[in-house]
Amino acid sequence: MSSIAGNIEALMKALPGNVAVVAVTKTRSPAEIMEAYNTGLRIFGENRVQELMLKKTILPEDIKWHLIGHLQSNKVKQAVEAASVIESVDSVRLLRMIDAESSKQGKKTDCLLQVHIASEETKTGFGIDEISGTDWTAVSASLAAARLCGLMGIATFTDDTEKVRQEFRTLAMLFRTLREKHFGNCPLFSVLSMGMSGDWKTAVEEGSTMIRVGTLIFGERITI
Ligand SMILES: *Cc1c(COP(=O)(O)O)cnc(C)c1O
C-alpha cells in the first residue's frame, strides 16, 4: 500500500462515520491525487481557482471540488463553473455575486460562510459580530441559485489545544444558533467545516461535520 493510501486508511479508522473528509490537494500532483481517489475519496479541496480548474479538467468527473481559499470577485465566474462547493464565502457581496453567476450558468452552488475565529489577522472571513448581526433569513430568501449550507472556520495555528478548542466551540455555537434562528426548516444548512491536519481531532470533538486535511494524507507540503 502507498503511504497516501495508508494515511487515508488510518484516518478513516479514527474518524467517526458521519464526518466528511475534504482531501486538500493544493500543490499536489495528479498522480498523488489519483492515489487518494483510488481509496474512494471523492471530495477534494483547492484554495486557488486556477489550480482547481486545471486539476478538474484532467481528473475524474465524479470528483466534487471544494474551493477553500479566498475568492476574488474577478474569479467568481470560473469558481462557479468549476466548484461544487465554495467554502470561503466571506462577504454578502461575494455571496450575491456567486448567486447571480450561478443563475446565469443555470446551476446551484452550495456555499459555506467562512467565519474568522483565529487570532491571526491575516485570515479572512466574516467577523463573529458580523455573522450574528446579519438577517440570514432575509439573505437566503433573496438568493436564487446560491445555497447557504453551513459555516467554515480556520483555528489559530498554535500548539495551544485549549485555545483551538475554544475557537471551534465558538464556531459550533454560532452554527447551531444560526441554524435555529434562520434555517429552522432548511435541512440544507447542515455543514460545519472545521479541522485541519493539526487540529481535526479537537474539531470533531467540538462537532465538526467536515474536516479539510492535506498534510495528514499527502505529507508535508514543500510550498504553500
Ligand atoms: C491548506 C488548507 C487546509 C489543509 O491544511 P493541512 O494542514 O495540510 O491539513 C485546510 N483548509 C484550508 C482553508 C487550507 O488552505
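Is Glu-87 buried or exposed? Glu-87 is buried, with a relative accessible area of 0%. Buried means under 20% relative accessible area, exposed means over 50%, and partly exposed lies in between (1.4 Å probe, protein chains only).

The model is predicted: local features need pLDDT of at least 70, side-chain atom pairs count only at pLDDT 80 or more, and totals for chains, interfaces and linings use all residues. Residues are numbered from 1 along each chain as its sequence is written, and side-chain values use heavy atoms, with hydrogens and water left out.

**View 1. Glu-87 in strand 4.** Glu-87 sits in strand 4 (residues 85-89). Helices (H or I, at least four residues) and strands (E, at least two) are DSSP runs, numbered from the N terminus. Contact means heavy atoms within 4.5 Å. Leaving aside neighbours within four places in sequence, Glu-87 is in contact with Val-22, His-66, Leu-67, Ile-68, Leu-112, Leu-113, Gln-114, Met-152, Ser-193, Met-210 and Arg-212. Cys-149 is 62 residues from Glu-87 along the chain, and their C-alpha atoms are separated by 9.3 Å.

**View 2. The largest nonpolar core.** A nonpolar core is a set of buried Ala, Val, Leu, Ile, Met, Phe, Trp, Tyr and Cys residues joined through side-chain atoms within 4.5 Å. The largest has 60 residues, and Ile-98, Trp-136 and Leu-151 touch the most other members. Helix 8 (residues 161-182) gives the most to this core, with seven residues. A second, separate core has eight residues, including Val-22, Ile-43, Cys-149 and Met-152.

**View 3. Around Ile-98.** Which residues is Ile-98 in contact with, leaving aside its neighbours within four places in sequence? They are Leu-71, Val-76, Val-80, Ile-86, Val-89, Thr-109, Cys-111 and Ala-146.

**View 4. Trp-136 and Ile-131.** Trp-136 is found in helix 7. It is buried, with a relative accessible area of 0%. Not counting residues up to four places away in sequence, Trp-136 touches Val-92, Leu-95, Leu-113, Phe-126, Ile-131, Leu-148, Leu-178, His-182 and Phe-183. Trp-136 and Lys-181 are 45 residues apart in sequence and 8.7 Å apart in space, C-alpha to C-alpha. Ile-131 lies in helix 6. Ile-131 is buried, again with a relative accessible area of 0%.

View 5. Helix 3 spans residues 49-58, and its buried residues are Val-49, Glu-51, Leu-52 and Lys-55. Seen down the helix axis, these residues fall within an arc of 160°, so they line one face of helix 3. The arc is that of the directions from the helix axis to the C-beta atoms. The face turned away from the buried side carries the exposed residues Leu-54, Thr-57 and Ile-58. Cover for the buried residues includes helix 2 (30-37), strand 2 (43-46), strand 3 (64-67) and helix 4 (76-82).

**View 6. The largest pocket.** On a 1 Å grid over the protein atoms alone, a pocket is an open set of points where a 1.4 Å probe fits, with protein on both sides within 12 Å along at least five of seven lines; lining residues have an atom within 4 Å of a point. Grid points are joined across faces, edges and corners, and a volume is the space filled by probe spheres set on the points. The largest pocket holds about 1200 Å³ of space. Of its 38 lining residues, Lys-26, Lys-123, Ile-154, Met-196 and Arg-221 are the closest to its centre. Helix 3, helix 8 and strand 8 (210-213) are the elements that give two or more residues to this lining. The lining divides into 12 nonpolar, 16 polar and 10 charged residues. Here Ala, Val, Leu, Ile, Met, Phe, Trp, Tyr, Cys and Pro count as nonpolar, Asp, Glu, Lys and Arg as charged, and the others, Gly among them, as polar.

**View 7. Two loop residues.** Thr-27 lies in the loop between strand 1 (20-24) and helix 2. Thr-27 has a positive phi of about 70° although it is not a glycine. Thr-27 is partly exposed, with a relative accessible area of 35%. Gly-125 is placed in the loop between strand 5 (109-115) and helix 6 (128-132). Gly-125 is partly exposed, at 24% relative accessible area.
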